[in-house]
Amino acid sequence: MGDLNGQGHSKAGLLAVLIMVAPPSLLAVDVIGKGLLEETHAFSRCYRELLKPRDGFGEATRSLFANKIQKLFFLYIKTSDFLKQSCNASVGTGLVDESFVLRFLLQRVQLFLLPPDRPKRTLYSKKYGVDLIRYTHAANTVVYSSNKIDDTIRYLSLHDNKYIRYFPGHTKRVVALSMSPVDDTFISGSLDKTIRLWDLRSPNCQGLMHLQGKPVCSFDPEGLIFAAGVNSEMVKLYDLRSFDKGPFATFKMQYDRTCEWTGLKFSNDGKLILISTNGGFIRLIDAFKGAVLHTFGGYNNSKAVTLEASFTPDSQFIMIGSEDGKIHVWNGESGMKVAVLDGKHTGPITCLQFNPKFMTFASACSNMAFWLPTIDD
């Protein structure tokens, strides 16, 4: 992941989020088409439009984006040659144009034409407050936990800002919320020492587990099992189809009285589990054996803040924000720290998440930064 450049919210905002370009091998799909000339003209028009003075764009920002677009265009040319050679070699024909490739890149250029630093829409939950929030599989819908009045979980339509359903049951603050990656199931963990299993289609709890301490929980990438971290000292794995029979595996960790667990995540390949704490370290364990593979430290968290840690989408690197606004990155295999990223955050980074489709991520404290890969010449 090497060269990641942080683009601060005050400069790039949402504009930079989807600039990632797939390698040529991934672009060689459905490339037969028409309209290359027209799309080339459209690409050129977008480029010229970007160079015009616009509200919210400084000269430095326009120059930065223009430089990246030039690199995209050169990549398009190189990719075109690659596709022609590949198709000629495989099917013996030269009747291939690059409209798919250019259309792919054109969409990214058009993103730059959005006004920076302006949210698309702002929705308020002043009465109930908002704490944890997760997208569901239905378009423009989320579930979120509250931090006012009660501990009910709410299912909200972002399209019209209306509640679809309420999920009451927890009697203390919800500290974990995880959506199944495959269906309408989600789980929640609370300071009332319970984990509840829910279905978006019903307000009634589908399953209830009483635990001995504060839980954190998360689904695996296949949506077949979920893990529960209990009392900051053990991880229990449950089969979703028979969770009422108890865990099929339990991994006990060395208890650390100086901090407590604040999060638990599976890697995208399902082989690793990342345990976050409100102390100065996070742990990486084997998801099958429970062995601690690495303990990562060396970042600031003297005030016991809940800092979110994440895997990169390829499961190879682990990242966490720190109290001083920097992001620390480790290689998950070697355990070595490979980078410290500075997004000019003004406080502790409590949120750090990746875009699931592109190698971009966002980090946030009271301000937000979007990060994108450097496109090499």
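Reader: Which residues point one way from E19, and which the other way?

Author: Phe 317, Met 319 and Gly 321 go one way, Ile 318 and Ile 320 go the other, and all of them are buried. Keep in mind that this is a predicted model.

Reader: What makes E19 largely enclosed by the rest of the structure?

Author: A residue counts as buried under 20% relative accessible area. Five of the five residues of strand E19 (residues 317–321) are buried, so the strand is largely enclosed by the rest of the structure.

Reader: How do you know that E18 and E19 pair?

Author: Two strands need at least two bridges to pair. Strand E18 (residues 309–311) and E19 have three bridges and run in the antiparallel sense, so they pass. One of the contacts puts Phe 311 with its bridge partner Ile 318 in E19. The two strands form a hairpin with five residues between them, and Ser 315 in that turn has a positive phi of about 70 degrees.

Reader: Why is E7 called largely enclosed?

Author: Six of the six residues of E7 are buried, so the rest of the structure largely encloses the strand. Both faces are covered: Thr 185, Ile 187 and Gly 189 are buried on one side, and Phe 186, Ser 188 and Ser 190 on the other. E7 pairs in the antiparallel sense with strand E6 (residues 174–179) over five bridges, and with strand E8 (residues 194–199) over five bridges as well. Met 179 has Phe 186 as its bridge partner in E7, while Ile 187 stands opposite Leu 197 in E8.

Reader: Why is the pair of Phe 167 and Phe 186 edge-to-face?

Author: Ring centres must lie within 6.5 Å to pair, and planes over 60 degrees apart count as edge-to-face. The rings of Phe 167 and Phe 186 have centres 5.1 Å apart and planes at 80 degrees, so they are an edge-to-face pair. Phe 167 sits in strand E5 (residues 162–167) and Phe 186 in E7, 19 residues apart, so the pair is described as linking distant parts of the chain. Both Phe 167 and Phe 186 are buried.

Reader: Why is the pair of Phe 226 and Tyr 238 stacked?

Author: For stacking, the planes must be under 30 degrees apart. Phe 226 and Tyr 238 have ring planes at 15 degrees and centres 5.1 Å apart, so this pair is stacked. Phe 226 and Tyr 238 are also both buried.

Reader: How do you know that Arg 154 lies over the face of Tyr 128?

Author: The distance limit to the ring centre is 6 Å, and Arg 154 is at 3.4 Å from the centre of the Tyr 128 ring. Lys 126 lies over the face of Tyr 124 too, at 4.9 Å.

Reader: What residues line the largest cavity?

Author: The lining is Ile 187, Ile 195, Arg 196, Leu 197, Gly 207, Leu 208, Met 209, Phe 226 and Phe 243. They divide into seven nonpolar, one polar and one charged. The space inside is about 40 Å³.

How values were computed. Residues numbered from 1 in each chain as written. Predicted model: local features only at pLDDT ≥ 70, side-chain atom pairs only at ≥ 80, totals over all residues. Heavy atoms only, no water. Phe/Tyr/Trp six-rings, centres within 6.5 Å; stacked < 30°, edge-to-face > 60°. Helix = DSSP H or I, 4+ residues; strand = E, 2+ residues; numbered from the N terminus. Buried < 20%, exposed > 50% of the residue type's maximum accessible area, 1.4 Å probe, protein only. Lys NZ or Arg CZ within 6 Å of the ring centre and 35° of its normal. 1 Å grid on protein atoms, 1.4 Å probe; cavity = no way out; pocket = protein on both sides within 12 Å on 5 of 7 lines; lining within 4 Å. Points joined across faces, edges and corners; volume = space filled by probe spheres on them. Nonpolar A, V, L, I, M, F, W, Y, C, P; charged D, E, K, R; others polar.
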